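Please read them with the structure open.

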Amino acid sequence: SLHPEAYCSVRFYNRYTDVILIISSLIFALIINLFSQLNKNSLIGIFSQSFVALALIINAYFDLNIQFETILFGDILLVTWSEIQTLILLACVIILWLRYCYNQNLIMAISPEIAAANMVNVRLHDMIFTFILSSVIALTIKIFGALLVTASLLLPSICARIISYSPKLMMLSAVLIATCLNISGLFLSYSLDLPASPVIIFMGIILFCWLNLLIFLQQRYKT
């Protein structure tokens, strides 16, 4: 077991890391919002690769000996209780944001021009969304890794879109699908002694293909 002083230093380090990730996410959101006249997908790609390059430079210059294999592929066993608490807090913030800004976000998803005509501060809501998204990615990258974190976010929402007929049902379905994929993926990876993150992603891909196959068969038999 850890000495009390060492345990306190580890907890302080984890909290300090979480704060750095949140601040970095805010800076990233401000940068994306500052160059909002450019293509957002291009900006995200450029600055994401820039931050990765900066991390490599800092790691080499200060000889930090960071295991980049873990960052790329993730390891759920490395997640600490403080990071789980931060994720729970972030989930509560997202729920409150959706609760009080649902209509504005829905109008923006349909058309930013219509949202602006309805007196919605498009740039502010867009920056908040980018900040929340980047915070989620930064805090879950240790679980899924940089190569799989995008798939872990997209697969539940894409599957939910296939089976949903309203935005609210889509959000609830995405949460339920993500929960089921994570729990079943953890049990399967434990049973087969395989890495958890790739198993979860692969199960999501299987679900996506299965739902699309059902839709294809349904449309074919209708015609």
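1. Overall pattern. Along the sequence the protein reads α-α-α-α-α-α-α-α-α. That is 9 helices and 0 strands. Helices (H or I, at least four residues) and strands (E, at least two) are DSSP runs, numbered from the N terminus.

2. Basis. This is a predicted model, in which local features need pLDDT of at least 70 and side-chain atom pairs count only at pLDDT 80 or more, while totals for chains, interfaces and linings use all residues. Residues are numbered from 1 along each chain as its sequence is written, and side-chain values use heavy atoms, with hydrogens and water left out.

3. Of the 223 residues of the protein, 27% count as buried. Buried means under 20% relative accessible area, exposed over 50%, and partly exposed in between (1.4 Å probe, protein chains only). Contact means heavy atoms within 4.5 Å. Among contacts between residues at least 6 apart in sequence, 60% join residues at least 24 apart.

4. Largest core. A nonpolar core is a set of buried Ala, Val, Leu, Ile, Met, Phe, Trp, Tyr and Cys residues joined through side-chain atoms within 4.5 Å. The largest one has 13 residues, and Phe144, Ile177 and Ile201 touch the most other members. At least two residues come from each of α6, α7 (149–163), α8 and α9 (196–222). α7 gives the most, with 4 residues. A second, separate core of 6 residues includes Leu90, Trp97, Cys101 and Leu139.

5. Phe144. Which residues does Phe144 touch, not counting those up to four places away in sequence? They are Leu72, Phe73, Gly74, Val149, Ser152, Asn182, Ser197, Ile200 and Ile201.

6. α7 with α9. The axes of α7 and α9 come within 10 Å and cross at roughly 20°. Axes are lines fitted to C-alpha atoms, for helices over the stretch in contact, and angles run from 0 to 180 degrees between N-to-C directions. The two helices are therefore roughly parallel to each other. Angles under 35 degrees count as roughly parallel, over 145 as roughly antiparallel, 65 to 115 as roughly perpendicular and the rest as oblique. The crossing of α7 and α9 is left-handed. Left-handed means that the near helix is turned anticlockwise from the far one by less than a right angle, right-handed clockwise. The residues of this contact divide into 12 nonpolar, 3 polar and no charged. Here Ala, Val, Leu, Ile, Met, Phe, Trp, Tyr, Cys and Pro count as nonpolar, Asp, Glu, Lys and Arg as charged, and the others, Gly among them, as polar.

7. α4 with α8. The axes of α4 (residues 81–110) and α8 (residues 167–192) come within 12 Å and cross at roughly 125°. That makes α4 oblique to α8. The crossing is right-handed. Leu98, Tyr102 and Leu106 in α4 meet Pro167, Lys168 and Met171 in α8. The contact has 5 nonpolar residues, no polar and 1 charged.

8. His125. Buried or exposed? His125 is buried, with a relative accessible area of 10%. His125 lies in α6 (residues 122–144). Beyond its neighbours within four places in sequence, its contacts include Trp97, Cys101 and Gln104.

9. Positive phi. Most residues other than glycine have a negative phi. Met119 has phi near 65°. Met119 lies in the loop between α5 (112–117) and α6, and is exposed at 75% relative accessible area. Asp193 has a positive phi of about 55°. Asp193 is in the loop between α8 and α9, and counts as exposed at 69% relative accessibility.
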